[in-house]
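Trainee: Please take me through this model with its residues and segments in view, and give the cut-off behind each term as it comes up.

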Amino acid sequence: MMNTTKFILVFFSFFFLIVTSQIFAQGVKREIVWSDYPYPASKEDKEKIKFGHIIVPETRDSINPRTLKIAFCILKGSSDKGILNPLIILPGGPGRSMTQAASGFFSTTHWKERFEFMDVVLFDPRGCGKSEPDLCPEFDIPENYYQTLLGKTDEEMNELTISILKNCLDSLSIEKVDLNAYGSDEIAEDIEDLRVSIGVDQWNIQGGSYGTRYGQGLIRKFPNTVRSAVFLGLVPTVRYYQDDNLRSLSKSLQLVLKKCADDPECASKYPDLENKLFSALEYYNNNPLVIPSSEQKLVNNQDVIINGDVIISGLFLLSYGPVGIEIIPKFIQAGADRKEWVIKNFANSIGDQFAGNQDMNFYIRANDNPDYGLSPEVDNYDEFTKKLMPYMVSPGLISTKEMAEISGIKLDTTQEVPIPSEIPVLLSTGVFDPITPTENTVITSKYLTNSTVLAFPEESHYSKGNECYSAVITSFYKDPEKPVNAEKCLDEGISIVFVSDITDNKGITQVGSKILMGKQNQVYIPLGISLLLVLIAFVGLPIYALVRFIKRRKNKELIKERFNWLPWIMTLVVFVFVGLLYAAIMASIERNMYILGFGLLSSWGWIFWIMSIVLILLIYTFIRRKSIIGTTNKFSKSLTIIGWFGSLFFVCLLLYWNVLWPFSG
């Protein structure tokens, strides 16, 4: 009996020691090296940005002497006490950074309001952004990152991945890098040291996507240092499976297809989308689209292969936000219609959305929560998910867990055990989210017992904006203990409205692709030359006529010269078209930026017929050239010829680029 009592006392003493060490743990004041803000910003903004690196140990529980430089910046608000309870913003990814975004905060209304009472701290996790060192740049080489776009088999991708892992491990071992020190736990330690070093009492946390995982780690390890938290698109600490993204995207796509089917206009324009989707996926798996290296910017000196798997990856990226979701029915229809120029353009415009810091994307996930193969739910999938599965899950590919073992990373499973917290938290999620579904937030809310949960019906992983919720968040940061009425904001967001009023224009898309690929000189130089010639005639002819008129008033004997109205009108129409085309492009972008991947809003399709006037005038003035310029002097004749050739060059460019679809097809 005595031994049992003694054991119980020892056990509870040990448990109490662990719990209190978590509650009362505190970071260490570290050296900070301040420097100039390394990104472009206005002089006014740079005066409000204080950028630096905090020097931290790579590991805190060993004798490893390695140190790291963790980048951060303080965005100074107007309050002298703003640093006491500032907001720290934790980036997603993992592998993303925040310090590069500093300038954007100063121009947004709700951030201006928050700067009145708090400072904002932007943070780059170890190995990410401007934090040093970058562990393994080999991961970020396009040929390694875009393996699925190069038509490689599972065996070839596994072989390359293992080779990269071993090469990195060899080089990092020489430098005595401890790869077990690159998870959310150590990142929480870095944030805590930063808090102590810059004089913060308590943090307000804001995290989106994987930033919520960093935030949960901070709450778990240093709960007394967190005043409040706002999490958007939550990544839970529960076990991760290889098919989690499949289930999330399947749910998101089914909601998109149902919403389109329930919308009379969308359903009429894009009927039977589910069958069209899987028909297109099967077609491109059997007949992959090859994009030559000269027509894409993703991988140098290699062709890109677009198959059904890659198209699903594109839909996954589009599903991240309402703007992309609005275009999904049109994208599926384009795939079903075999409009390969659309697919090529989207490969260039969204293909590199998550490029960069791929080493940290792997190392952080490997430490936190590598995938454990297929989930137990795999046998209970609905028919849509079963049909989608071959395009998203490759059982032959090496898992993150196996990659972690090759890298010598030992998973700390205690991170998977959530610790209940009464810290005030706002949890929000989008119903259409393809990566962090609503159930993630529901699961997490069970142990964040002082949380408010919101599932926005018209949002995805990203939002188009919700002024009501922004105002609620601002009030929450002012006083987290005050009850919030956030539910009123659920119907205040911007609705998802599918884009169906598009006129396809292959030329607009191809010109845009050239610009995206960095080949803008191939567009701007010839276009600039043609418009310069037109401008010379447009301005020169009336100025010459005015000068001539003034001279005739002084010298009556000067021969009267007829003004070349038709050539001048032709140049005027060219500039009217250019102005209208610019307005059409801006209107299309304002409606939905992805419209330019197909063409323009249908309401602007009429502007191309204006160029028929230019074509008629070009032909007519050429036929009647002797009577039009025969009686004019050399200067007027030269201006007219310059304007004519400029207009002809401009029309030829538009025809060559297929922009004038009524005439070039």
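Trainee: What is the relative accessible area of aspartate 243, and is the residue buried or exposed?

Mentor: Aspartate 243 is buried, a class defined by under 20% relative accessible area, with exposed meaning over 50% and partly exposed in between (1.4 Å probe, protein chains only). This is a predicted model, in which local features need pLDDT of at least 70 and side-chain atom pairs count only at pLDDT 80 or more, while totals for chains, interfaces and linings use all residues. Residues are numbered from 1 along each chain as its sequence is written, and side-chain values use heavy atoms, with hydrogens and water left out. Aspartate 243 is classed as buried because its relative accessible area is 0%.

Trainee: Which residues is aspartate 243 in contact with, leaving aside its neighbours within four places in sequence?

Mentor: Aspartate 243 belongs to the loop between strand 7 and helix 9, where helices (H or I, at least four residues) and strands (E, at least two) are DSSP runs numbered from the N terminus. Contact means heavy atoms within 4.5 Å, and with neighbours within four places in sequence left aside, the partners of aspartate 243 are Gly373, Leu374, Ser375, Val378, Tyr381 and Val393.

**The sheet and its helices**

Trainee: In what order do the strands of the open sheet of 9 strands run?

Mentor: The sheet has mixed pairing, two strands being paired if DSSP finds at least two bridges between them. Its edge strands, each pairing on one side only, are strand 1 (32–35) and strand 11 (451–456), and the twist averages 20° from one strand to the next. Read across the sheet, the order is 1-2-3-5-4-6-7-10-11.

Trainee: How many of the 9 residues of strand 3 are buried?

Mentor: On one side, strand 3 runs antiparallel to strand 2 and is joined to it by 9 bridges, with histidine 53 opposite alanine 71. Strand 3 also pairs with strand 5 in the antiparallel sense over 4 bridges, where leucine 75 stands opposite valine 120. Strand 3 is largely enclosed by the rest of the structure, because the number of its 9 residues that are buried is 7.

Trainee: At about what angle does helix 7 run to strand 5?

Mentor: Helix 7 lies across strand 1, strand 2, strand 3, strand 4, strand 5 and strand 6. Angles here run from 0 to 180 degrees between N-to-C directions, and axes are lines fitted to C-alpha atoms, for helices over the stretch in contact. On that scale, helix 7 makes an angle with strand 5 of about 140°.

Trainee: With which side chain does the side chain of glutamate 189 make a polar contact?

Mentor: Glutamate 189 lies in helix 7 (residues 184–198) and counts as buried because its relative accessible area is 17%. Leaving aside neighbours within four places in sequence, its contacts are Arg60, Lys221 and Phe222. A polar contact is a pair of N or O atoms within 3.5 Å, and within protein one must be able to donate a hydrogen and the other to accept it, residues adjacent in sequence counting only if both atoms are side-chain atoms. At 2.7 Å, the partner of the glutamate 189 side chain is that of lysine 221.

Trainee: How many of the 9 residues of helix 14 are buried?

Mentor: The buried residues of helix 14 (residues 328–336) include Ile328 and Phe331, both of which are touched by leucine 318. Helix 14 is largely enclosed by the rest of the structure, because the number of its 9 residues that are buried is 8.

Trainee: How far apart are the axes of helix 23 and helix 26?

Mentor: Helix 23 (residues 565–591) and helix 26 (residues 634–656) pack at an angle of about 35°. Their contact involves, among others, Phe577 of helix 23 and Trp644 of helix 26. The separation of the two axes is 9 Å.
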